[in-house]
Amino acid sequence: MDIVIYGSQYGTAKRYAEELANRTRFVLKSYEYVEDINTYETIIYIGALYAGGVMGMKKTFKNMKDCGNHRIIIATVGLADPSDKENTDTIKNGMKNQLSKEVYDKAMIVHLRGGIDYSKLGFKHKTMMSMLYKKAVTLPEEKKTAEVKAMIETYNKQVDFVDFNSLDSIIHEL
Ligand SMILES: Cc1cc2nc3c(=O)[nH]c(=O)nc-3n(C[C@H](O)[C@H](O)[C@H](O)COP(=O)(O)O)c2cc1C
């Protein structure tokens, strides 16, 4: 059996996962409900980025026994522009710390763009973003990474960069 697993707080990563499950007819589950990762052949993990961490990813893959038996695709969903190499290098470096070397090396990694709706953020996330924003605006222009720029541009707004066409690279891989 094959599966699409998602880690999503506010629904953007989930929307990508649902679309992919529709197109592939794979089983669809939130990471919280995956009982045994080892039972699936192809595993597509779609996780939202929170302060560089891919939601639910570490917990999901730590139970994998032998990744040689699986095809693994991991897609991150974040606000920052995935066409910016500095941004994707930072994301990948973070992922190295959240996965075993075996899983990291085996996985095809894809970066998708999500969105944000400040009116829906919980108190903790709102506070975090407010702190990050206050710090970000004081940075000199040359120190502003794609991540920082995306945050400043979208602060307190509702933006949606979800683009299902960006799933084509995953579909082609299957
Ligand atoms: C507290 C907080 C931290 C975030 N950290 C990152 C980040 O490190 N990199 C990034 O690209 N996006 C970051 N984002 C943006 C989310 O990844 C983006 O909103 C994503 O679409 C959320 O997915 P979800 O709707 O499935 O939860 C952050 C958002 C919040 C609220």
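In the predicted model, Asn-156 lies in the loop that links α6 to β8 (158-160), and its phi is near 65°, a positive value in a residue other than glycine. Asn-156 counts as exposed because 12 C-beta neighbours lie inside 10 Å. A phi near 65°, again positive and again in a residue other than glycine, is found for Arg-25, which is placed in the loop between α1 and β2 (27-30). Arg-25 is exposed, since 9 other C-beta atoms are within 10 Å. A further loop residue, Ser-100, is situated between α3 (85-98) and α4 (101-106); with 14 C-beta neighbours inside 10 Å, Ser-100 is therefore classed as partly exposed, the limit for exposed residues being 12 or fewer. From Ser-100 to Ile-116 the separation is 16 residues in sequence, and the C-alpha to C-alpha distance is 30 Å.

The helix α6 (residues 146-154) also takes part in a packing arrangement with α5 (residues 123-136), in which the two axes come within 10 Å and cross at roughly 110°. Helix α5 is therefore roughly perpendicular to α6, as angles of 65 to 115 degrees are assigned to that class. On the side of α5 the contact is formed by Leu-132, Tyr-133 and Ala-136, and on the side of α6 by Val-148, Met-151 and Ile-152. Sorted by class, this contact of α5 with α6 consists of six nonpolar residues, with no polar and no charged ones.

The largest nonpolar core has 37 residues, of which Val-4, Tyr-16 and Ile-46 touch the most other members. Two or more residues of this core are given by each of β1 (3-7), α1, β3, α2 (57-61), β5 and β6 (108-113), and the largest share, six residues, is that of β3. When neighbours within four places in sequence are left aside, the contacts of Val-4 are Ala-17, Leu-20, Ala-21, Thr-24, Phe-26, Leu-28, Ile-44 and Ile-46. In soluble globular proteins, nonpolar side chains tend to be buried together.

The shell around the ligand receives at least two residues from each of α1 (12-24), β3 (42-50), β5 (71-78), β7 (115-117) and α5. There are 24 residues around the ligand, and those that come nearest are Ser-8, Tyr-10, Ala-48, Gly-78 and Gly-114. By class, the residues of this shell comprise 13 nonpolar, nine polar and two charged.

Key: Residues are numbered from 1 along each chain as its sequence is written. This is a predicted model: local features need pLDDT of at least 70, side-chain atom pairs count only at pLDDT 80 or more; totals for chains, interfaces and linings use all residues. Axes are lines fitted to C-alpha atoms, for helices over the stretch in contact, and angles run from 0 to 180 degrees between N-to-C directions. Helices (H or I, at least four residues) and strands (E, at least two) are DSSP runs, numbered from the N terminus. Angles under 35 degrees count as roughly parallel, over 145 as roughly antiparallel, 65 to 115 as roughly perpendicular and the rest as oblique. Two residues are in contact if their C-beta atoms, placed from the backbone, lie within 7 Å. Ala, Val, Leu, Ile, Met, Phe, Trp, Tyr, Cys and Pro count as nonpolar, Asp, Glu, Lys and Arg as charged, and the others, Gly among them, as polar. A residue is near a molecule or strand if its C-beta atom, placed from the backbone, lies within 6 Å of it. A nonpolar core is a set of buried Ala, Val, Leu, Ile, Met, Phe, Trp, Tyr and Cys residues joined through C-beta atoms within 7 Å. A residue is buried if 20 or more other C-beta atoms lie within 10 Å of its own, exposed if 12 or fewer, and partly exposed in between; C-beta atoms are placed from the backbone.
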